[in-house]
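Let's take a walk through this structure together, one piece at a time. Keep the picture open as you read.

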Amino acid sequence: MKIDFNKNNDGLVPAIIQDSKTKNVLMLGYMNHASYTKTIETKKVTFFSRSKNRLWTKGEESGNILNLVDIKVDCDQDTLLVMVDPEGPTCHKGTDTCWGEDNDPSFGFLSELEAVIKDRKSNQEDEKSYVASLFRKGINKIAQKVGEEAVEVVIEAKDDDEELFLNESADLLFHYLILLQAKGYTLKDIVKTLETRV
């Protein structure tokens with residue numbers, strides 16, 4: 001991997017630190033050739049600290065180290081993307097990220113949909129909401145809907161109508177997310193379970 005440490009005349013390149021699992025950006029640091037080499041050798045992320053004017057391994061005092069998973073260099077060869085497995089909070093202020101955000105996994109649109117379902121569960125009196133009506137009917141009705149949608153997915157899988165198959169698959173996933181909420185779980189819990197099987 002070719003990295004242009006001399007592009008900015010200070011021998012430093014920005015190093016964007018990203019959680020390898022959640023894909024959240026945790027912090028930004030700077031590396032020179034020596035800190036990059038030490039990171040590769042020790043598998044612990046090491047920066048060049050501009051304030052301390054020396055190499056600094058993240059967590060050397062706090063114990064909140066960043067275990068190296070992978071490093072990529074950008075197209076201009078002057079910025080690094082460092083994927084890590086963090087031990088503890090990343091920010092010196094005790095937060096998961098230097099932006100004060102929790103390092104929770106996000107599943108994009110599915111996480112947004114989960115939030116909508118959670119809101120409907122909390123507001124079951126909403127007469128116009130299909131989801132609220134399912135929560136009012138209880139776990140048996142929700143589980144029944146998941147079963148019905150699963151059967152419909154199997155039926156459509158045997159045919160060649162892609163649109164019907166995708167629509168039934170979407171219905172199954174939607175109702176499954178409702179069932180998870182009804183049982184007090186989320187996609188994060190399912191991912192944790194799957195990770196134990198890898």
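Skipping its neighbours within four places in sequence, Gln181 is in contact (heavy atoms within 4.5 Å) with Glu114, Ile117, Lys118, Lys121, Phe135 and Thr186. You'll find Gln181 in helix H5; helices here are DSSP runs of H or I with at least four residues, strands are E runs with at least two, and both are numbered from the N terminus. Gln181 is buried, with a relative accessible area of 7%, where buried means under 20%, exposed over 50% and partly exposed in between, using a 1.4 Å probe and protein chains only.

A quick word on the source: this is a predicted model, so local features need pLDDT of at least 70 and side-chain atom pairs count only at pLDDT 80 or more, while totals for chains, interfaces and linings use all residues. Residues are numbered from 1 along each chain as its sequence is written, and side-chain values use heavy atoms, leaving out hydrogens and water.

Now look at H5 (residues 162–182) beside H4 (residues 139–157): their axes come within 8 Å and cross at roughly 155°. (Axes are lines fitted to C-alpha atoms, for helices over the stretch in contact, and angles run from 0 to 180 degrees between N-to-C directions.) H4 and H5 are therefore roughly antiparallel to each other; that label needs an angle over 145 degrees, while under 35 is roughly parallel, 65 to 115 roughly perpendicular and the rest oblique. Among the residues that meet are Val146 and Ala150 in H4, and Leu172 and Leu179 in H5. Sorted by class, this contact of H4 with H5 has 14 nonpolar, two polar and six charged residues (Ala, Val, Leu, Ile, Met, Phe, Trp, Tyr, Cys and Pro count as nonpolar, Asp, Glu, Lys and Arg as charged, the others, Gly among them, as polar).

H2 (residues 109–122) and H3 (residues 130–137) also have axes that come within 8 Å, crossing at roughly 55°. That makes H2 oblique to H3. Ile117, Arg120 and Lys121 of H2 touch Val131, Ala132 and Phe135 of H3.

What about the cores? In soluble globular proteins, nonpolar side chains tend to be buried together. A nonpolar core is a set of buried Ala, Val, Leu, Ile, Met, Phe, Trp, Tyr and Cys residues joined through side-chain atoms within 4.5 Å. The largest one here has 17 residues, and Ile17, Met31, Val45, Phe47, Leu66, Leu80 and Val82 touch the most other members. Strands E1 (13–19), E2 (25–31), E5 (66–73) and E6 (80–86) each supply at least two of its residues. Apart from it lies another core of twelve residues, among them Leu113, Phe135, Val146 and Leu180.
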